[in-house]
Amino acid sequence: MAFKLPELPYSKDALSPHISARTLEFHYGKHHQGYVNKLNAAVEGDSALAGKSLEDIIRTAKGGVFNNAAQVWNHTFYWHSMSPNGGGAPSGDIAKAIDKAFGSFSDFKEKFSTAAAGQFGSGWAWLVKDAAGQLAITTTSNAGTPLTEGQKAILTCDVWEHAYYLDYQNARPSYIEAWWNLVNWEHAAKNL
Ligand code: MN
């Protein structure tokens, strides 16, 4: 049973002008699909992986198998971390949890943006809930994911160059600023 590229939760032009349809055509249609294809090729060639869930593979595999499996999961989570109706400030329990952990929403926004901009090379910025139930900002390199860190992912921003280069070239901070206009607070609240 091969893994499938999950459907995007919106059309490819829905995040424009913050993220273009052209970026989604490549990022979703080529990069995310590519990770799915490579994962399926690895599973096909290794009977020990047959029948395992994506999460099981991420928690146990190393090397290329881990990289492709984690990138499949991270990207699906990233698409859901954004919405055409997103952005603005959170409300309800997620807003309270952010205030408690970071002082205020604007402090959280600044800290998250700084972490995302400062991640050297390819990776991800995350809002996570740690084992003690506390919210924290983390970054991971390459395919790194909170699933292997005992953390629950709440939101993510992909900071690989392929996420923003067509729209913003090397200006990662401009992409991060645009990403805030798309943040899916309903998704964050559900993960909390
Ligand atoms: Mn990506």
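This is a predicted model: local features need pLDDT of at least 70, side-chain atom pairs count only at pLDDT 80 or more; totals for chains, interfaces and linings use all residues.
Local features need pLDDT of at least 70 and side-chain atom pairs count only at pLDDT 80 or more, while totals for chains, interfaces and linings use all residues. Residues are numbered from 1 along each chain as its sequence is written, and side-chain values use heavy atoms, with hydrogens and water left out.

**View 1. Protein donors of the manganese ion.** His27 (NE2), His75 (NE2), Asp158 (OD) and His162 (NE2) lie 1.9 to 2.1 Å from the manganese ion. Donors are N, O and S atoms within 2.8 Å of the metal (3.2 Å for Na, K and Ca); water is not among the atoms, so sites may look incomplete. Along the chain the donors follow the spacing H-x47-H-x82-D-x3-H. Distant parts of the chain are linked here: His27 is in helix α1 (residues 21-44) and Asp158 in strand β3 (residues 152-158), 131 residues apart. Helices (H or I, at least four residues) and strands (E, at least two) are DSSP runs, numbered from the N terminus. His27 has a relative accessible area of 0% and is therefore buried; Asp158, at 0%, is buried too. Buried means under 20% relative accessible area, exposed over 50%, and partly exposed in between (1.4 Å probe, protein chains only).

View 2. Ile137 is partly exposed, at 21% relative accessibility. Leu127 is ten residues from Ile137 in sequence, and their C-alpha atoms are 4.8 Å apart. Beyond neighbours within four places in sequence, Ile137 contacts Phe102, Phe108, Lys111, Phe112, Ala115 and Trp126. Contact means heavy atoms within 4.5 Å.

**View 3. Residues where α5 meets α7.** Lys109, Phe112, Ser113, Ala116 and Ala117 in α5 meet Arg172, Pro173, Ile176, Glu177 and Trp179 in α7.
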